[in-house]
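Let's take a walk through this one, stopping at a few places along the way. Keep the 3D view open and follow along.

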Amino acid sequence: MSRKHNFSAGPCILPSEVFEKASQSVIDLDNSGLSILEISHRSPAFVEIMEKARQLALKHLGLENQGYQALFLQGGASMQFIMNAFNLLENKAAYLDTGSWSTKAIKEARILGDVEVVASSKDKNFNFIPKDFTVPSDADYFHCTSNNTIFGTQMKSFPDTGNVPMICDMSSDIFSRQMDFSKFDLIYAGAQKNMGPAGATLVVVKEDILGKVSRQIPSMLNYQTMISKDSMFNTPPVFSVYVSMLTLEWLERNGGISAIEKKNQAKADLIYSEIDRNPLFKGFAEQEDRSMMNATFTLNEESLKDKFDSLWKAAEINGVSGHRSVGGYRASMYNALPLESVQVLVNVMKELENQA
Ligand SMILES: *Cc1c(COP(=O)(O)O)cnc(C)c1O
């Protein structure tokens with residue numbers, strides 16, 4: 001089987017070692033005589049998998065023994081939009097509006113309380129990250145999106161929110177770059193962009209921010225229920241948690257976040273230097289806010305679209321068409337994407353220039 005160069009925005013590429021181990025385990029999990037798809041979530045084998053996944057997530061983020069809990073939940077990152085508010089919004093929350101996902105998070109939070117949008121880049125189709133804003137000190141929490149998957153922008157710095165808890169949707173750049181994760185009180189990420197197959201959502205929450213709202217919280221939406229049941233209040237997404245654990249182990253074997261960040265930087269440098277050099281292309285996001293994970297770009301001449309599309313398809317490239325709200329192209333370069341794949345795409349861009 002020859003593999004494609006997969007630039008899909010999500011679900012997306014995972015390490016080939018992970019695909020291999022996961023496929024063996026579908027037949028027989030570690031010589032147990034049972035498939036990962038048929039074991040009980042209460043079996044010692046799966047309890048160990050869940051514990052390992054939760055422990056590795058905290059370890060990679062440098063958040064062990066600091067009052068944080070790692071949970072694997074369901075409903076995707078989108079469920080977190082309302083779950084954040086259910087657990088933490090009493091009066092007013094502050095949100096930074098940097099793209100479609102932030103906008104959706106704001107819409108959900110407004111169901112349960114007041115939302116103050118501290119800044120928005122909507123008037124420029126979200127091609128930059130607003131930097132001049134203040135977080136009101138009376139907000140129950142501040143919410144931001146570290147990487148805007150659709151628009152290809154990424155926050156390079158985060159505000160100091162004082163006593164206001166900071167929540168971050170890190171769906172599309174978690175485990176991709178080093179930062180001080182202890183600045184955040186709640187981090188969440190759908191598995192399907194840097195960690196595993198769709199189905200599980202990682203939530204890392206500082207326990208002392210919970211239990212402060214007056215409303216009744218449905219059990220399935222209550223972080224405290226999920227913590228007290230070790231992410232097993234109901235049947236967890238067993239396969240997604242298992243593959244996430246395999247990816248987190250792969251990351252550990254490969255030097256953790258600091259090592260992968262160097263590789264991600266090299267991939268980003270390669271694509272952006274070609275976007276800036278090649279007269280046929282133009283980057284979408286403001287340079288200083290460019291995402292290391294999702295590079296968005298357009299053709300200067302729409303008439304070259306068919307030619308370019310047939311070139312990258314012939315080069316066994318998959319998933320570079322842009323999101324409909326930006327158009328053009330988007331190269332998603334998550335942790336598991338090799339530098340060679342980016343080089344293939346860059347070669348195709350040069351080839352277009354030579355033929356045009
Ligand atoms: C993909 C994505 C989401 C939505 O994730 P689901 O798991 O599909 O709900 C939310 N936020 C960001 C930043 C994303 O990239």
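Two strands count as paired here if DSSP finds at least two bridges between them. Keep in mind that this is a predicted model. With that in hand, look at strand 11 (residues 281-283), which pairs with strand 12 in the antiparallel sense over three bridges.

How much of strand 12 (residues 294-299) is buried? Six of its six residues are, so the strand is mostly covered. In a regular strand the side chains alternate between the two faces of the sheet. For strand 12, both faces are covered: Asn294, Thr296 and Thr298 are buried on one side, and Ala295, Phe297 and Leu299 on the other.

Next stop, helix 6. Its 16 residues (238-253) should span 22 Å at 1.5 Å a residue, and the end C-alpha atoms sit 23 Å apart, which agrees. This helix is largely enclosed by the rest of the structure, because 12 of its 16 residues are buried. Among them are Tyr242, Met245 and Trp250. What does the covering? Helix 1 (16-27), helix 2 (44-61), strand 2 (68-73) and helix 7 (256-277) are included in the cover over those buried residues. Just after helix 6, Gly255 adopts a positive phi of about 95°.

You'll find Thr161 in the loop between strand 7 (153-154) and strand 8 (166-169). Is Thr161 buried or exposed? Its relative accessibility is 11%, and the cut-off for buried is under 20%, so Thr161 counts as buried. The Thr161 side chain reaches the backbone oxygen of Val164 at 2.7 Å. Leaving out residues up to four places away in sequence, Thr161 touches Val135, Phe142 and Met166.

Finally, the ligand. Of the 13 residues around it, Ser78, Thr149, Asp169, Gln192 and Lys193 come nearest. Helix 3 (residues 76-88) supplies the largest share of that shell, with four residues. The protein covers 87% of the 390 Å² of accessible area that the ligand has on its own.

Terms used. Residues are numbered from 1 along each chain as its sequence is written. This is a predicted model: local features need pLDDT of at least 70, side-chain atom pairs count only at pLDDT 80 or more; totals for chains, interfaces and linings use all residues. Side-chain values use heavy atoms; hydrogens and water are left out. Helices (H or I, at least four residues) and strands (E, at least two) are DSSP runs, numbered from the N terminus. Buried means under 20% relative accessible area, exposed over 50%, partly exposed in between (1.4 Å probe, protein chains only). A polar contact is a pair of N or O atoms within 3.5 Å; within protein, one must be able to donate a hydrogen and the other to accept it, and residues adjacent in sequence count only if both atoms are side-chain atoms. Contact means heavy atoms within 4.5 Å. The expected span of a helix is 1.5 Å times one less than its number of residues. A residue is near a molecule or strand if one of its heavy atoms lies within 4 Å of it. Accessible areas come from the Shrake-Rupley method with a 1.4 Å probe; for residues, only the protein chains shown count as cover.
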